[in-house]
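Here is a short report for someone meeting this structure for the first time. Please look over the sequence and the model before reading on.

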Amino acid sequence: MTAALVAGLLAGYGIAVPVGAVATYLVSLTARTSLRTGVCAALGVATADGLYALVAALGGSALAAALRPVLVPLRWASALVLVFLAVRGAVTAVRHYRGQRLTTRSAPPPPSPARGYLALLGITLLNPTTVIYFAALVLGTRAADAVSPLEQGVFVLAAFAASASWQLLLAGGGALLGRLLTGSRGRLVTALVSSGVILLLAVRMLL
């Protein structure tokens, strides 16, 4: 039982801690909206990680074989989604900044917490890094002895808890950043820098 708990925690932190495009977008989203939206978005990321941990725990070596044909399409889909989010974030930030300067245009409504949750859930499910990670985890650590359903459940819950704790930490950092950059120009710079980083990571993903 302890081994399953430790393995789940290591798996969750292993996929969550490296800061990539998803983490960058999470921090930027929280900075531009609210801590509530950021928390829901963070739980969306953790839910996706938990789902992949569940599939990894139940699927065994068959998971990797099933995923091989779709890894390339997933990589392209994930990159296109990230590019769209980066461009959309930059355009929205510029429009919002100009609207505040002209004072004649109303600011667009921020994403709702539910929308933030679904958006980050979808992005993470499409992230090929997550897919490859859990597939390799299954192939590399699959024991010869049968694993009990209870141990599988502990592994999945531990992976979810580890991922959720890290994503919530990132969301808290985004909320703090949003408070520090209260001016419209500061939020514009934050959004543009975030969009640039996401674009670079999306291109690197394809290369």
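## Thr30 and its contacts

Start with Thr30. Setting aside neighbours within four places in sequence, Thr30 is in contact with Leu35, Gly38, Ala171, Gly174 and Ala175. Thr30 sits in helix 2, which covers residues 21–32. Is Thr30 buried or exposed? Its relative accessibility is 2%, so Thr30 counts as buried. The cut-off for buried is under 20% relative accessible area.

This is a predicted model. Its contacts and areas are computed from predicted positions.

## Helix 2

Helix 2 is mostly covered, with 10 of its 12 residues buried. Among the buried residues are Ala21, Val22, Ala23, Thr24 and Tyr25. Leu26, Ser28, Leu29 and Ala31 are also buried.

How does the span of helix 2 agree with its number of residues? At 1.5 Å a residue, the 12 residues of helix 2 should span 16 Å. The C-alpha atoms at its ends are 16 Å apart, so the two values agree.

Gly174 is one of the contacts of Thr30. Gly174 belongs to helix 8, residues 149–180. Its relative accessibility is 0%, so Gly174 counts as buried.

Which residues does Gly174 touch, leaving aside its neighbours within four places in sequence? They are Val27, Thr30 and Ala31. The C-alpha atoms of Gly174 and Gly38 are separated by 7.7 Å, while the two residues are 136 residues apart along the chain.

## Val45 in helix 3

Val45 is part of helix 3, residues 35–59. Val45 has a relative accessible area of 3%, so it is buried. Beyond its neighbours within four places in sequence, Val45 is in contact with Val22, Leu120, Thr124, Ser163 and Gln167.

Val22 is one of the buried residues of helix 2. Leu120 and Thr124 are among those buried in helix 6.

## Helix 6

Helix 6 runs over residues 113–126 and has the highest confidence in the protein chain, at a mean of 90. Helix 6 has 14 residues. From its first C-alpha to its last it reaches 20 Å, close to the 20 Å expected at 1.5 Å a residue.

Which residues of helix 6 are buried? They are Pro113, Gly116, Leu120, Leu121, Ile123 and Thr124. Leu125 is also found in helix 6. Leu125 has a relative accessible area of 31%, so it is partly exposed. Its C-alpha lies 9.6 Å from that of Gly44, and Leu125 and Gly44 are 81 residues apart in sequence.

## Partly exposed sites and a surface patch

His96 has its place in helix 5, residues 71–102. With a relative accessible area of 27%, His96 is partly exposed. His96 and Leu188 are 8.3 Å apart in space, C-alpha to C-alpha, and 92 residues apart in sequence.

Val17 is found in the loop between helix 1 (2–16) and helix 2. Its relative accessible area is 34%, so Val17 is partly exposed. Which residues make the nonpolar surface patch with Val17? Leu5, Leu9 and Tyr13 do, and the patch has an area of about 290 Å².

## The whole chain

How many helices and strands does the protein chain have? The count is 9 helices and 0 strands. Read from the N terminus, the elements run α-α-α-α-α-α-α-α-α. Buried residues make up 41% of the 207 residues. The chain exposes about 10900 Å², and carbon and sulfur atoms supply 70% of that area.

Among contacts between residues at least 6 apart in sequence, 90% join residues at least 24 apart.

## Confidence

The protein chain averages a pLDDT of 76. A score of at least 70 is reached by 71% of the residues. Where is confidence lowest? It is lowest in helix 4, residues 62–67, at a mean of 61.

Methods
Residues are numbered from 1 along each chain as its sequence is written. This is a predicted model: local features need pLDDT of at least 70, side-chain atom pairs count only at pLDDT 80 or more; totals for chains, interfaces and linings use all residues. Side-chain values use heavy atoms; hydrogens and water are left out. pLDDT is the predictor's confidence in each residue, from 0 to 100. Helices (H or I, at least four residues) and strands (E, at least two) are DSSP runs, numbered from the N terminus. Buried means under 20% relative accessible area, exposed over 50%, partly exposed in between (1.4 Å probe, protein chains only). Contact means heavy atoms within 4.5 Å. The expected span of a helix is 1.5 Å times one less than its number of residues. Patches are made of residues with over 30% relative accessible area and no salt bridge: like charges are joined within 9 Å, nonpolar side chains (Val, Leu, Ile, Met, Phe, Trp, Tyr) within 5 Å. Accessible areas come from the Shrake-Rupley method with a 1.4 Å probe; for residues, only the protein chains shown count as cover. A salt bridge is a side-chain nitrogen of Lys or Arg within 4 Å of a carboxyl oxygen of Asp or Glu.
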